Amino acid sequence: MSAREGVAAGMDHSGREPTILQSVPFSSAVDAGFWHHFTQLKLDVLQLSEQAVPVMGSYTNTDTPGLPPRLYVEYDALERRKTASRWSCHATGTLINTNTIEEFRNRSKQDLLKGSATTLWEAITSGQALQDPSVLASFLMFTFADLKKYHFYYWFAFPAFTYPKAMHKKPPQSFTDALTQKEIESLLASYTSQEVDFNQGFFSITKSDEEFTVHPLRDYPKLRTAADSSNQEVYLGISDPSTLPSNPGWTLRNLLTLVAIRWSKQWQSYKVVCLRVRTRNGVQDASHSLVVEVDLSEEPESLIPSEMPPCLGWEKNERGKMGPRMVNLSANMDPTRLAESAVDLNLKLMRWRVAPQLNLGVVQQTHCLLLGAGTLGCAVARCLMGWGVRHITLVDSAKVSYSNPVRQNLFTFSDCQSGGRHKAVAAAEALLQIFPKMNSKGVVLSIPMPGHTVGESLLNQVKEDVSTLEQLIDEHDAIFLLMDSRESRWLPTVIGAAKQKLVLTAALGFDSFLVMRHGIREVGTEVSLPSTTAIPRNSIPGKMLGCYFCNDVVAPGNSTHDRTLDQQCTVTRPGVSYLAAGHVTELLAAILQHPDKGLAEASVKEQGNVKEGVLGPVPHSLRGFLGRHQLLTPASTSFDQCSGCCREVLKAYMEEGFEFLLKVFNSTAYLEEVSGLSRLHHCVDDSQVWELSDEEDME
Amino acid sequence: MSTISYEEFKTACLEFLELSKKFGDSWKLRSDIQDKDGLCIHKVQHIKSKSLKELKNKTTCKIDRQLEEEEEEESSDPAEMETHNTTHFTTYDYHIVYSLSHSVPVLYFNAWHSSGQLLTLDDVWEGVDVTHREQILSNKWGSLTQTEHPLLGRPYFQLHPCNTAKLIAQVLPQPPCDAATLRTYLICWLSMFGPPVGLEIPLCYFAEQNTESGCVK
């Protein structure tokens, strides 16, 4: 010790007990973007390799008080090699990844830490650390990435040694107390000048008069020897990540280990500057930095260890326990979840802009059954998805043919190959391709129809088909009749009416369309139907609204006889299907937003005054005429002799079940008998009868 | 209406980065943009957390406890200072990106707790400070929402750019014409959109403007 220091020590001896210098451990801070890059690295490069990967960390000495000192791993930590910015200090890190959670759990944490500490020890003892002091701020990242759930487990260790025992007789002093303003400015000026190449984290400082100069760490012994015989003072310096008034950051520990190993034979007492800089309004201020006098004399020089001393440094988790941390990034990284939340957010935005009282949930939770997976079926399915509907079942017996993909927007050319895929199945799969969280199902089913006789050999199949259809209708909330023939709509109409389901029909003509909601009948023998002569003036209540067949005076028969090929399949103007599909979907939406739902009353007059829902009034039907670009919203009551929903038909179905249905399939005359239509025919004169059904052949 | 082209945006950003370096601020160019034409500058800020709400993450708790070693507890080290659970902080990562559809800069950001868990949209709305609460929350979905980052493709919070041009025009009636005025444009914009989401601009940035004249007179 120089005479000067001895005097100083003597004068400072205030009888205080020397205390151990306590450093503040680092808190790890991993950028959320880091895990994206790490996932990429694992998938592309690492795969199953457990080789250590270099990772770059940084810390800063520019914090505002109140924040814990952080070892920061940025999004590009795996790619960068050196810190770019001035106020950021480099920390060398190693990442070790395991491939299973068991390995992560079972790997010896002691061994891992020892491995990391050995590298550090070697750098210290060999002198490498003097050439590149940033190894003194090294860290270990131990990880396991569950790439199915996007759960990332990680555990940081900041290796340090139990040697040396660093004491201090006086508490650390802040710059405000220890230095003059001029001195602080001089130190800052030297620190921030680019002239001398020194490592930002660890350096030496000389002071002569009131001038401070920063030097590389390795120059310390030379500087101190010179200082002992002149009027200079020499300090060790660190860029201190801690902001506490009496405690330096973790990096000082390893510096002191280095100092003890290499220089404690010569000197046992050191003055250390823990430099902290705060920038306020572009002006640097270092007055909250610390100066501490460290005393290593409790470690006798003879006991400088030849072997690596015990090491420590695992970071505690958020609960203060010795354990790893886990971050769940599925909401940010799992593509399916990203799609789900994006769609959801979109709908919420729509709601906010359109109608804040919109009940999105009720639409999304409506299970929709689409009977027919053709032009209408595909288009309706897509529209429903736009509303966020998640459960869609499509039913169709046909296969995709070459003319389909251009009009039926869920199919592509490849669906036509090898005889063609089943439409219902192909459509359901297409929905999943569009949105992975869809609950879509395709059922290949042929719907039995009145007037299409059932041969002996087909009896069991038809019985099964009816049963399947009944079950499907049971399991869904909204039934869409989107088939291409009139008579195929009969059976689901009857079943839907009997089960009091919401049934919606869409039908296409060449340049016209019909979209309607079937009224929801009250069923049961005790119910007395109000007389249809008592037609309400302005509106028709939901339970009295007609169904698709209510305007017919003949039962649906086999319409496929004597028709040319192009009359059997629907040939319409292509835009019509999209118009109808859009309207029927929005009709559903309007129904669901109405307080009375399917029982909502319909206005008889155009623009009449009726009870409305959040999306306005709900018409009974929409008829569009593309030729004249016209849209009408007529409403009609149910027909007492309707072949699809009159009391007698429903009664016969509910009491006799399949027996009744089979008779109808085999003869439409029977249906006319049961519904009372045949009686109606007899009541009318033999004179020419105007057909009271729709003027156009609606398909 | 005060809009800028993409080239002008680039110039403004690069000028801004120079200032940031000068003042010891930490704005940087984002290096992981796939689209070579995309420019994004960003800044990370750490803020002391207001409460320990983030510890409520139940799923973490169950799994972590299994992994917690009982006596791996290193014998308490006298040279290590006890930190008493003071280690909670929230990280904010602010991005400045160009909006093609509005021809103005847009502010995106993400935020996560010290555990790494990202904040939700509700958390962010909750966190808007008192001064700006009414302004932002009266028009929640239109002002501060979550959407896909245009260059990174991940969910980020966004301050909607629809009113940017109008707002800036009220403060800077002259359209920017050179590097200095473009920089002013960007700083002006940032000073309006940054504070409601916790990003403050030190006064030194504004002081710089007065030392340079604007367009050639």
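In the predicted model, Cys646(A) is buried, with a relative accessible area of 3%. Cys646(A) takes part in no disulfide, and the nearest cysteine sulfur, that of Cys642(A), lies 6.4 Å away. A disulfide would require the two sulfur atoms to be within 2.5 Å. In chain B, Cys204(B) is likewise buried, at a relative accessible area of 9%. The closest cysteine sulfur to that of Cys204(B) belongs to Cys188(B) and is 16 Å away, so the separation is too far for a bond. Over all chains, the structure holds zero disulfides.

The largest nonpolar core comprises 86 residues, of which Phe34(A), Trp35(A) and Leu255(A) touch the most other members. The most is given to this core by strand 7 of chain A (residues 151-161), which supplies nine residues. A second, separate core contains 54 residues, including Leu431(A), Leu502(A), Leu587(A) and Leu626(A). When neighbours within four places in sequence are set aside, the contacts of Trp35(A) are Val30(A), Met141(A), Thr143(A), Phe152(A), Tyr154(A), Val327(A), Leu329(A) and Met333(A).

Chain B contains eight helices and six strands, arranged along the sequence in the pattern α-β-β-α-β-β-α-α-α-β-β-α-α-α. Of its 217 residues, 51% are classed as buried. Among contacts in chain B with a separation of 6 or more, 66% are between residues 24 or more positions apart. The accessible surface of chain B amounts to about 11000 Å², and carbon and sulfur atoms account for 53% of this area.

Terms used. Residues numbered from 1 in each chain as written. Chains lettered and ligands numbered in written order. Predicted model: local features only at pLDDT ≥ 70, side-chain atom pairs only at ≥ 80, totals over all residues. Heavy atoms only, no water. Core = buried A, V, L, I, M, F, W, Y, C linked by side-chain atoms within 4.5 Å. Buried < 20%, exposed > 50% of the residue type's maximum accessible area, 1.4 Å probe, protein only. Helix = DSSP H or I, 4+ residues; strand = E, 2+ residues; numbered from the N terminus. Contact = heavy atoms within 4.5 Å. Areas by Shrake-Rupley, 256 points an atom, 1.4 Å probe, with all protein chains shown as cover.
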